[in-house]
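Dear colleague,

Please find the structure below, handed over for your study. The notes that follow set out what was found in it.

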Amino acid sequence: MHFITRRKRLRIRPGEVPPAARQGHARAGLIAQVAGLTLCAFLAGCSLPMMRMEGVLPSLASAAQIEPTPTPFSPVEPIPTAPPTRLHPDLQDVTATIWPGDPQAPVLLYHHFIPDSAPANDTHIHLSEFRSELQTLYADGYSLVPLGDWLRGDVHVAAGRRPLILTIDDLFFADQIYLLPDGTPAPSTGIGILWQFSQEHPDFGFAVALFANLGDKAYPNFIQGNGGTRVGSGWQDSLARTIVWCIDHGAIPYNHFFHHPYLDRLSPERITAEAQDNDLKLKALLQLAGRPDLLDRIDTILALPYGHWPATPEGVKAVVDYRSPQGKPVIGIVEVGGIYAGHYLQAVYSPQFDPHHIPRMVGSSLAMGYLTHYQDRFPAGQQMDLGSLDLSQMKTAAAVQTSLADACRLRACPDGVYSLLGSIFRKSGSGFTLLWDGAKAAQ
Ligand SMILES: [Zn+2]
């Protein structure tokens, strides 16, 4: 008897693909689970709930019952191979994140990454400096969380780590990412350094928001003898492949408007067209790469070029009310701020959470000093494994709250903020209070 089943670790919402950084982290556990379940299927008395008999495929036993045919010229028909069956597709491993206080995250901004021999400035950081900043952030307990998850109410972080959101603006330039022939990002690029660092420090994670202008430049897709890059034939294919790698691994492209315009100089119609053209170009590139499915993973988040808002209320309305061609409304607008502004990205339930004014600080040695000094302002999350739950029964915040309360009857649960399956609760004493209804927000 051969069973094929599959469970995956899920920290976010039902049906959502976890970021690549988490996938790698969970892969060993997944393999162990699958191996254990398959072995279990061969043993009498296995009582795992997903080992029910319905949906079992044609077996070797039924194959053995086929009578030989009377004529040697008619071979036995092979048993058709049926597709793998998930015996209980809604059963998933579920992990809640527990915050000792209200979570908040700093958001850092980078632009270009240059060799140490070139002069650096506010928008061009030396590659060695970038790596050393990542090291500082890691040593201070920060780990990367995806901006899109945070804005949708999924406030999760690796166990014992403080949340940090990285953003890069003005993509796609070859100093930001350039794929080597083996398909990995070159270590002489910003995203390549980030990728390498996350491979060396898996609990740092790999998540970065890329604010792209897809209408103001061609993508350099050839490395020249002197180490520089140039635009050559097929650059659109190279760009499309690069974007696919980014999305597949957790570097998600968002909208920085098509031509990096001054929004305060445009009519409301032109503002909408600038945002729309950028989204349409992204869609065309993903179609070119044969991966239009990746659009589903991209929320509508805008970064204002130069940090400038439109000059008129109608222009502001065009930004705030923008919807992508896929019909997704804006869930966040990011700005550029000073490092001593003293405000950070709050959780979605907070009265201070303002999705239209997401503060960012430029990544620099000053910002590193600040984040080291004030690291205790950013609580570290812990994780609580709830085991396997039937997600078909967890579609409302009330059901999620009940499962949390049940779990906390069996173990000691600290007071704090609990994030689970897109909803957020506060535990105080023996009771849970709903802070954010993820199911309702997703409608
Ligand atoms: Zn920009």
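**Findings**

F257 is placed in the loop between β12 (251–255) and α7 (268–288). Helices and strands are DSSP runs numbered from the N terminus, where a helix is H or I with at least four residues and a strand is E with at least two.

Before going further, please note that this is a predicted model, in which local features need pLDDT of at least 70, side-chain atom pairs count only at pLDDT 80 or more, and totals for chains, interfaces and linings use all residues. Residues are numbered from 1 along each chain as its sequence is written.

**Backbone features**

Most residues other than glycine have a negative phi, and most peptide bonds are trans. F257 has a phi near 75°, a positive value in a residue that is not glycine. Is F257 buried or exposed? F257 is buried, because 27 other C-beta atoms lie within 10 Å. The term "buried" stands for 20 or more other C-beta atoms within 10 Å of the residue's own, "exposed" for 12 or fewer, and "partly exposed" for counts in between, with C-beta atoms placed from the backbone.

H260 also sits in the loop between β12 and α7. The phi of H260 is positive, about 50°, although H260 is not a glycine. H260 counts as partly exposed because it has 18 C-beta neighbours inside 10 Å.

A cis peptide bond, with omega about 5°, joins L171 and F172. F172 belongs to the loop between β8 (162–171) and α5 (190–200).

**Two residues and their surroundings**

V107 lies in strand β4, which covers residues 107–110. V107 counts as buried because there are 21 C-beta neighbours inside 10 Å. Which residues does V107 touch, not counting residues up to four places away in sequence? They are I165, T167, L345, I358, P359 and R360; two residues are in contact if their C-beta atoms, placed from the backbone, lie within 7 Å. The C-alpha atoms of V107 and G363 are separated by 9.0 Å, while the two residues are 256 residues apart along the chain.

A398 is part of helix α10 (residues 397–410). A398 is exposed, because 12 other C-beta atoms lie within 10 Å. Its C-alpha atom is 9.9 Å from that of A439, which is 41 residues away along the chain.

**The whole chain**

The chain has 11 helices and 20 strands. Of its 443 residues, 37% count as buried. Among contacts with a separation of 6 or more, 69% are between residues 24 or more positions apart.
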